[in-house]
Amino acid sequence: MLTRYSLWRMVILGRGKLMFRRRPHNIDELLPKLLRAEGMETPLLQLRIIEAWDKVMGKNIGDMTGNKFIKNQTLFVKITSPALKQDLSMMKSRIVKRLNEAVHAQVIMDIHFY
């Protein structure tokens, strides 16, 4: 005999099968799992690091940089000014820390200025 509670918990399908109600999942839980399963999490984080460069470093430094790409957890950045390249080389560890904090993940380990 079905009680009011059991009717609320299940739906009767056409052939007499019962389907229980499942807990709904939050999109905040599902999206990271999906990205990780499809192998898209790392490329997305790498893109976020590259996009965060101008925001973290500022407009003036952003204007003096060219191509940026990531290979083997190393960010490669083209710098047009030799003096700026030398200054940034001395601040590598701080820049790496700031960029990783900007995307809330450990994406890069080093920076190479060329």
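The legends below describe close-up views of one predicted model. Residues are numbered from 1 along each chain as its sequence is written, and side-chain values use heavy atoms, with hydrogens and water left out. Local features need pLDDT of at least 70 and side-chain atom pairs count only at pLDDT 80 or more, while totals for chains, interfaces and linings use all residues.

**View 1. Overview of the chain, with six helices and five strands.** Helices (H or I, at least four residues) and strands (E, at least two) are DSSP runs, numbered from the N terminus. The order of the elements from the N terminus on is α-β-β-α-α-α-β-β-α-α-β. Of the 114 residues in the chain, 24% are buried; buried means under 20% relative accessible area, exposed over 50%, and partly exposed in between (1.4 Å probe, protein chains only). Contact means heavy atoms within 4.5 Å. Among contacts between residues at least 6 apart in sequence, 46% join residues at least 24 apart.

**View 2. The hairpin of E3 and E4, with two residues between the strands.** Strand E3 (residues 65–71) pairs with strand E4 (residues 74–79) in the antiparallel sense over five bridges. Two strands pair if DSSP finds at least two bridges between them. Isoleucine 70 has leucine 75 in E4 as its bridge partner. In this hairpin, asparagine 72 takes a positive phi near 55°. Glutamine 73, placed in the loop between E3 and E4, has a positive phi of about 60° although it is not a glycine. Most residues other than glycine have a negative phi. Glutamine 73 counts as partly exposed because its relative accessibility is 43%.

**View 3. Threonine 65 in strand E3.** The bridge partner of threonine 65 in E4 is isoleucine 79. Threonine 65 has 11% relative accessibility and therefore counts as buried. A polar atom of its side chain lies 2.9 Å from the backbone oxygen of glycine 62. A polar contact is a pair of N or O atoms within 3.5 Å; within protein, one must be able to donate a hydrogen and the other to accept it, and residues adjacent in sequence count only if both atoms are side-chain atoms. Not counting residues up to four places away in sequence, threonine 65 touches Trp53, Asp54, Val77, Lys78 and Ile79.

**View 4. Valine 77 in strand E4.** Valine 77 counts as buried because its relative accessibility is 0%. Its C-alpha atom is separated by 6.0 Å from that of asparagine 67, ten residues apart along the chain. Valine 77 stands opposite phenylalanine 113 in E5. Leaving aside neighbours within four places in sequence, valine 77 is in contact with Trp53, Thr65, Asn67, Lys68, Ile111, His112, Phe113 and Tyr114.

**View 5. The pairing of E4 with strand E5 (residues 110–113).** These two strands pair in the parallel sense over four bridges. Leucine 75 stands opposite isoleucine 111 in E5. The covered face of E5 holds Ile111 and Phe113, and the uncovered one holds Asp110 and His112. In a regular strand the side chains alternate between the two faces of the sheet.

**View 6. Histidine 104 in the loop between helix H6 (92–103) and E5.** Histidine 104 has a positive phi of about 60° although it is not a glycine. Its relative accessible area is 75%, so histidine 104 is exposed. Histidine 104 is also one of the residues that line the largest pocket.

**View 7. The largest pocket, with a volume of about 170 Å³.** The lining consists of Ile27, Asp28, Leu31, Pro32, Leu35, Glu41, Leu44, Leu45, Arg48, Val103, His104 and Ala105. The elements that give two or more residues to this lining are helix H2 (27–37) and helix H3 (41–57). H2 gives the most, with five residues. By class, the lining has eight nonpolar, one polar and three charged residues; Ala, Val, Leu, Ile, Met, Phe, Trp, Tyr, Cys and Pro count as nonpolar, Asp, Glu, Lys and Arg as charged, and the others, Gly among them, as polar. A pocket is an open set of points on a 1 Å grid over the protein atoms alone, where a 1.4 Å probe fits, with protein on both sides within 12 Å along at least five of seven lines; lining residues have an atom within 4 Å of a point. Grid points are joined across faces, edges and corners, and a volume is the space filled by probe spheres set on the points.
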